Structures are given as structure tokens and as C-alpha cells.
Amino acid sequence: MAGRWKNDLNWSDVTPKAAFLNRRQLIAGTASLVAGGIAGPALAGLDARPSAYSTDEAPNSFEDITSYNNFYEFGSGKSDPADYSDALTIDPWSVKIDGMVDRPGDYAFDDILKDVTLEERIYRLRCVEAWSMVVPWIGFELADLLGRAGVQPGAKYVAFETLLRPEEMRGQRRPILEWPYREGLRLDEAMHPLTILATGLYGEAIPKQNGAPLRLVVPWKYGFKSIKSIVRISLMDREPPTSWNMANAREYGFYSNVNPEVDHPRWSQATERKVGGGLFAKRVPTRMFNGYGEEVAGLYRGMDLTEAY
């Protein structure tokens, strides 16, 4: 199960006090975070309600979440996004919504936020590299935005693109992938209530290294499916190309659902390492669909889950 709140709790109710104080010190006293991390269009101190979809697991520290991540547009090292994302300009920002929709157009980021209800979603995150963490995202359901654009009856898939700006995103100057970064979901996956667009974490606007100002979060899939810094959303009737699948289809499938029984060709997916547990932390078993099977297993009823990778 994803884990349900029995009370209206926020991240501060489940975060160890030391981690909470450490975060406050980082925000109050670190000039580099202000200069290099926090998003511009969304204001700090986001007002978000708790969510029934949150896990009751304690989140990783703000430092863990913002200093250890993959964002190849800034480099392939885990610290590269935090080190180099300060070059990214995120205000103004807009998202082009096109394809099989009734109201296509360029949606300004501030307008996107006007009519949504922000929630805090404390989700598990499982990377395909077999590490994991727990993140207190702030965001809203993707279905809300798609509904506003008006999904046409023939649409079956949703495609996403990341910003292409190599003068600011130094990793795009190298052919690590075919840029811009692209991802996609089936329409029923995109419309599922667990699928959100995140605009913040830990109660603040989302840092640049974590995908500012708008990123996808699909908690039952490996992390690379949760595309960052989105500038385009397209509705279509065919499966869209996705970046890692284009680069290596044998290792990265379109679905990329977390499945401990299907190993990556180069390593086991049966266990995972929790970030923040130290160098010699004990590995823990990986859960099917990252623990969200009760909510999402029905999406794949009748499918061979060894093929839905």
C-alpha cells in the first residue's frame, strides 16, 4: 500500500527534528541555495493541504533531496545538478499544450497555478539505479491540467518534453542523450490520481536541480520517467518516443514500472539502497510498483509485467 494518513499531518510532523532544523539553517543561511536552487515564478512558502495519498514514511532530508539527483541536462554526476543549475532561467516560463486537445496553446506557469489545489504528496522515489528516497512534493494532479486543456476522445498517450537550452544547461552540450529529453505515459497512467505535476518540495518552491519550475512525478515508475523542467505536453494517439528508450531500448522500456522481479540487464532490482543511510546501510527489498500496487496494479491487468518494462 502507499500508506494512508489517519490525521491531517504535514511533512514537519514526520520529519526528525534534527533534519527539520538542518533544513531551516540551509534556507536561512546558505546564499548558494538562494542563488542556485529555488524556483522563481512560484513563491516560497507554498500553501498546500495534506493528501490521503502520502506515505507515512519519514522523508529524506532537504539536503539529501537537493544534492543527490539525476538531471543529465546539467551533467551525469549526482552533485552536478546542484552545482550547475544556477545558470538556468525559469522566469518567465510557459508550457505548450498541443496535439489532441480542445484548447491548445502556450500556458503561462502562473496561469497554470491559478486554478489548482496544491497538495503535499509524500511519495517514495525509486531510481532505476537501485537507490531510493522519500520526498515531500508539493503539486497537483496532472489530470487537472489535462482536463483544462480538453482531452479529445482519440487521445491515448501523453508526451512530455524538457527545456532545450544548452547555453544554460551545460549537459546538453554533450550527446549523452538525444536532446531535448522526452518522456511519455499512457493516458490512463497520466490521468491516475497518483500522477502529479510538482511545483515544490518541503513546503517551498521546487529547486532548479529538482526540476523547477514544473516536473512530473509518477511514484510507481522508476525515477527517470518523472521528467523535469517541462515545456511541452502533447496528447497523441500513438506511443511517443522516450529518451532513455531511444538511447537503449534493451535496458529502458516505455513503461519502466518498478518491478523487483525484472532485473536491469546490468544489475538486480530485487533490493535498493536508501539514500541518507550511510555507506554501509543495509539494502532493503524493492516493492512491486514501489509499494503503490494497490492503487495502480489494475492499470496493467492482463499484461505481461516482464514485458511492461
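**Cavity, pocket and ring contacts in a predicted model**

By the grid rule used here, the count comes to one cavity of 30 Å³ or more. On a 1 Å grid over the protein atoms alone, a cavity is a set of points where a 1.4 Å probe fits but cannot get out, whereas a pocket is an open set with protein on both sides within 12 Å along at least five of seven lines; lining residues have an atom within 4 Å of a point. Grid points are joined across faces, edges and corners, and a volume is the space filled by probe spheres set on the points. The structure is a predicted model, in which local features need pLDDT of at least 70 and side-chain atom pairs count only at pLDDT 80 or more, while totals for chains, interfaces and linings use all residues. Residues are numbered from 1 along each chain as its sequence is written, and side-chain values use heavy atoms, with hydrogens and water left out.

The largest cavity has a volume of about 30 Å³. Its lining is made up of Arg-124, Leu-125, Arg-126, Val-217, Val-218, Pro-219, Lys-221, Ser-226 and Asn-290. Strand 4 (residues 119-126) gives the largest share of this lining, three residues; helices (H or I, at least four residues) and strands (E, at least two) are DSSP runs, numbered from the N terminus. By class, the lining of the largest cavity has four nonpolar, two polar and three charged residues. Here Ala, Val, Leu, Ile, Met, Phe, Trp, Tyr, Cys and Pro count as nonpolar, Asp, Glu, Lys and Arg as charged, and the others, Gly among them, as polar.

The largest pocket holds about 440 Å³ of space. It is lined by 28 residues, and the closest to its centre are Asn-70, Phe-71, Gly-223, Phe-224 and Lys-228. Strand 5 (residues 131-141) supplies the largest share of the pocket lining, four residues. In the lining of the largest pocket, 17 residues are nonpolar, seven polar and four charged.

Turning to the rings, a search of the whole structure finds eleven aromatic pairs. Rings of Phe, Tyr and Trp (its six-membered ring) pair if their centres lie within 6.5 Å; planes under 30 degrees apart count as stacked, over 60 as edge-to-face and the rest as tilted. Phe-224 and Tyr-252 form an edge-to-face pair, because their ring centres are 5.5 Å apart and their planes stand at 85°. Phe-224 lies in the loop between strand 10 (215-217) and strand 11 (230-236), and Tyr-252 in the loop between helix 9 (243-247) and strand 12 (271-274), so the pair ties together parts that are 28 residues apart in sequence. Phe-224 is buried, with a relative accessible area of 13%, and Tyr-252 is buried as well, at 8%; buried means under 20% relative accessible area, exposed over 50%, partly exposed in between (1.4 Å probe, protein chains only).

Phe-289 and Tyr-300 provide a stacked pair, 5.6 Å centre to centre with 15° between the planes. Phe-289 sits in the loop between strand 13 (284-285) and helix 10 (293-296) and Tyr-300 in the segment after helix 10, so this pair ties together parts that are eleven residues apart in sequence.

Most residues other than glycine have a negative phi, and most peptide bonds are trans. Ser-229 is placed in the loop between strand 10 and strand 11 and is buried, with a relative accessible area of 0%. Cis peptide bonds join Asp-91 to Pro-92, with omega about 10°, and Trp-179 to Pro-180, with omega about 0°. Pro-92 belongs to the loop between helix 5 (80-84) and strand 2 (94-99), and Pro-180 to the loop between strand 6 (157-162) and strand 7 (182-186).
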